[in-house]
Amino acid sequence: MALTSNKVPSLRLIPTTGKLLNPSKSLSLASYHHPLPRVSLSLSSAASLKLTTSRKVVAMAVEGSRDLEMSNLTALSPLDGRYWGKVKDLASSMSEFGLIYFRVLVEIKWLIKLSKIPEVSEVPSFSKEAEVYLQGIIDGFSVDDALEVKKIERVTNHDVKAVEYFLKQKCESHPEIAKVLEFFHFACTSEDINNLSHGLMLQEALSSVILPAMDDLIKSISLMAKEFAYVPMLSRTHGQPASPTTLGKEMAIFAVRLSEERRYLSETKIKGKFAGAVGNYNAHISAYPNIDWPHVAEEFVTSLGLTFNPYVTQIEPHDYMARLFNTISQFNNILIDFDRDIWSYISLGYFKQITKAGEIGSSTMPHKVNPIDFDNSEGNLGKANAELIFLSMKLPVSRMQRDLTDSTVLRNMGGALGHSLLAYKSAIQGIRKLQINEGYEEIWSSGAV
């Protein structure tokens, strides 16, 4: 799925016609042989499944201004409080609601798949009306439905089993589906459902939120590179004045570095398994020994837009997740480098910052405008990377055929992505406030810096 966008963020940057120290030298972007990166990259896997209920989640969260204000005050995480408005787009996929939704989707799609296997005679091929009914449960899945699942879970003390019971309740009134209720979750271990759900959650979050935010950021920096292609700047090595460069060239470096990591991320294959309790299709073969279950599993996993992993234990080993989180961490690390450089350029007087009427730049010094957006971005990137690195190191390690430590850890993916998203938006907001300090050439040429 192409992630192109015609919307280019508006940058409040004043064009400057500074002269190059030597226009014949390739300091400017205009004389580069390598073009700036384009950000119209695509995911390697099939287009991700879109949540039809995401608006309901957001609408519920912002239903009343007072309720929202109270939740902001009492939230344990600032992502669910102070910063909710900037990260709420992740809620429909990376929340508990998103996990339950995708579990429902996987369970229903598996029952439909069984109905299409002739050898599974106990589950006859569904009529068109029955398939529409089942699809309707997915398309119409609501917050009330998710709450019902949680209510069942309070009795079962098992989150995946609660989804199975929920679906049986929803379908017991349908005469055709009621006959095959016990084939919900057939031959599945909970991790068969969970690993596909987590994969779909990540795919949805990346394609709909994270990659577009990365694209917006790269576009913003690329525009800076073009805008300031001929703006001379004294470079600094070891913190001291060095040889001349151009501001545009320095920005182009960051645009290219970030674009490369974004491409690596988009090429990461999100994998899934569906091989039963220890990865050997034991229950499947016991019930229907003449069916090619590895082939059926591969068809099913790929039909969801994921890449099939045939070599597994009870769990998909999460190596792709480690690769994915490491790539995001590296993207974030490059952005930290950008944030610190821009912070320093502001400190040196290369940039000024535009504030809106009523905004306070400093609580006690009215002549100052603190670079808070880049501070915020850097801080959240550090928090995100701490979580991303932990996820990438922990998730591939599981005792023998599995332990349960990954289950609770996987529930924290949204936090790592949320802090990353917040950082990207803060950096973009900071860029929009930047204005070239037209007097800075005199500042550094005089040796003041």
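Asp-373 counts as buried, at 6% relative accessibility. This residue belongs to a predicted model, and its side chain meets that of Lys-433 in a salt bridge with an N to O distance of 2.8 Å. Because Asp-373 lies in helix H14 (residues 372–394) and Lys-433 in helix H16, the pair ties together parts that are 60 residues apart in sequence. Lys-433 is likewise counted as buried, at 12% relative accessibility.

**Salt bridges**

- Side chains of opposite charge can pair when their charged atoms come close.
- The whole structure contains 22 salt bridges.
- Arg-103 pairs with Asp-159, with 3.0 Å between the closest N and O atoms.
- A network of salt bridges links Glu-96, Arg-103, Lys-150, Glu-153, Asp-159 and Arg-411.
- Glu-250 forms a salt bridge with Lys-249, in which the closest N and O atoms are 3.2 Å apart.
- Glu-250 has a relative accessible area of 17% and is therefore buried, as the limit is under 20%, whereas Lys-249, at 24%, is partly exposed.

**Surroundings of Leu-422**

- Leu-422 is located in helix H16 (residues 413–433) and counts as buried, at 0% relative accessibility.
- Beyond its neighbours within four places in sequence, Leu-422 is in contact with Leu-79, Tyr-83, Lys-86, Val-87, Asn-376 and Asn-380.
- The C-alpha atoms of Leu-422 and Ala-213 are 9.6 Å apart in space, while the two residues are 209 residues apart in sequence.

How values were computed: Residues numbered from 1 in each chain as written. Predicted model: local features only at pLDDT ≥ 70, side-chain atom pairs only at ≥ 80, totals over all residues. Heavy atoms only, no water. Helix = DSSP H or I, 4+ residues; strand = E, 2+ residues; numbered from the N terminus. Buried < 20%, exposed > 50% of the residue type's maximum accessible area, 1.4 Å probe, protein only. Contact = heavy atoms within 4.5 Å. Salt bridge = Lys/Arg side-chain N within 4 Å of Asp/Glu carboxyl O.
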